[in-house]
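Please load the model in your viewer, with the sequence panel open, and follow the selections below in order.

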Amino acid sequence: MEVCYQLPVLPLDRPVPKHVLSRRGAISFSSNSYFFGGPAPRQLAKRRGAISYDSENQTALYIRMLGDVRVRSQVGFEPEPRGSHPYLYVDFRTLHSRPQSAGPVSARNVRRLLSFQRYLHSSRFIRGIPASNPLGYILDDDYTGQAKLMLEKVGNWNFDMFLFDRLTNGNSLVNLTFHLFNSYGLIELFQLDMVKLRRFLVMIQEDYRSLNPYHNAVHAADVTQAMYCYLQEPKLAETMTSCDLLLGLLAAATHDLDHPGVNQPFLIKTNHYLAALYKNSSVLENHHWKSAVGLLRESALLSHLPTEDRLNMEERLGSLILATDISRQNNYLSEFRTHLDKRDLCLTNGRHRHFILQIALKCADICNPCRPWKLSKLWSEKVTEEFFHQGDIERKHHLEVTPLCDRQSNSVANIQIGKVTPLNLSPL
């Protein structure tokens, strides 16, 4: 079996560690299984075992096998020799490889693993075997009962994204966004391939840096949920087109894609290549936008649309993401106030609708203080932690410490006093 992580091998006659007994899931196989593409089942009569993973460590897999089995790892780990059995070979990389692709598999693709169960479901779908619920195999595999109940109230402003992320095993952005696409009927309207959509959402979630305390996939999911709340407002719900809805949700999900966890001034003063690439202007926002376009093209999600429509959607997506640049906030607020004073906003006008989407995304991006206190406090702690981490790096390398990022002179409380949100003070 070929896998992508270092795996400890436990014989069946050895006790399983107690912490593994609380595992989230497992895969079992026995002599009557020919899933592995090997010879006749009778040749596997003495081969059986299980794979489980620990609830405390999602990357720690425990394999228990009977007989001489060798586990080969891409990262160079080789357990003690137990013989080699080609009929137990499973290459996870093929689950996400493109058809007729002879090129080398990138490290990114190696990290994108489908479960055995979803692979089987996808295979049935590709072969044209009908299912009672075409979307069910994607939804049901990931959602627990509690997560499904939460999604019934996804339009509630008190939605707890931290809890939802735990219930979905760290897949809040994928599951929430897919659910919203399905709820709005965007999959059918735009004739989106569900496998491509799922792959695209997984790639988005992976490209958020999980080590960032604040700018991670959970934040992106939270902004997407807030965007949905705004889109549900009666005047917007009545006037927004399906294309507006698609772009609004995509922009919310990708607005901080591949965020490095530091702000624009930090990138500029350290001569980061992104600052040079985007000429010190909306550096992060341009990077988020181009990263999103890259994933759209890599996944081929919109490849069936006419080229002109596809390019237009990419440009509009960029316009939405660039609006989240906090250094340009006064420009948007001034224009918004002018429209309100003149009472000339007309949501049947495409340009006006797009402007309202920009304002909605900006509001969703910095809406944390408007959430219930329990959630607002958590978000404030996380964004402050990220600020302080940047300050620590600056101090370590003898750079001028950004005022809000200095843990020696600031605290979560005094950063918040008199401010709408810490994000208003630094062009993250």
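Select Asp258 to begin, which sits in the loop between H11 and helix H12 (264–269), where helices (H or I, at least four residues) and strands (E, at least two) are DSSP runs numbered from the N terminus. Asp258 has a positive phi of about 60° although it is not a glycine, and at 21% relative accessibility it counts as partly exposed; on this scale, buried means under 20% relative accessible area, exposed over 50% and partly exposed in between, with a 1.4 Å probe and protein chains only.

This is a predicted model, in which local features need pLDDT of at least 70 and side-chain atom pairs count only at pLDDT 80 or more, whereas totals for chains, interfaces and linings use all residues. Residues are numbered from 1 along each chain as its sequence is written, and side-chain values use heavy atoms, with hydrogens and water left out.

Now show helix H6 (residues 172–184) together with helix H11 (residues 242–254), which pack at an angle of about 175° with their axes 11 Å apart. Axes here are lines fitted to C-alpha atoms, for helices over the stretch in contact, and angles run from 0 to 180 degrees between N-to-C directions. H6 and H11 are therefore roughly antiparallel to each other, a label given to angles over 145 degrees. To see the contact (heavy atoms within 4.5 Å), select Leu173, Thr177, Leu180, Phe181 and Tyr184 in H6, which meet Leu245, Leu246, Leu249, Leu250 and Ala253 in H11. The residues of this contact divide into 9 nonpolar, 1 polar and no charged, where Ala, Val, Leu, Ile, Met, Phe, Trp, Tyr, Cys and Pro count as nonpolar, Asp, Glu, Lys and Arg as charged, and the others, Gly among them, as polar.

Stay with Tyr184, in helix H6. Not counting residues up to four places away in sequence, Tyr184 touches Leu189, Tyr228, Leu231, Gln232, Leu245 and Leu249; from Leu245 it is 61 residues away in sequence and 8.1 Å away in space, C-alpha to C-alpha.

Which residues does Lys382 touch, not counting residues up to four places away in sequence? Select Lys382 in helix H18 (residues 373–396), and look for Phe162, Pro213 and Tyr214. Lys382 and Tyr214 are 168 residues apart in sequence and 5.2 Å apart in space, C-alpha to C-alpha, and Lys382, at 27% relative accessibility, counts as partly exposed.

Finally, colour the chain by pLDDT, the predictor's confidence in each residue, from 0 to 100. The mean pLDDT of the chain is 77, and 64% of its residues reach 70 or more. Over residues 131–140 the pLDDT is below 50, and this stretch has 17 contacts in the model beyond near neighbours in sequence. Where pLDDT is low, the predicted coordinates should not be read in detail.

Technical notes:
Parallel < 35°, antiparallel > 145°, perpendicular 65-115°, else oblique.
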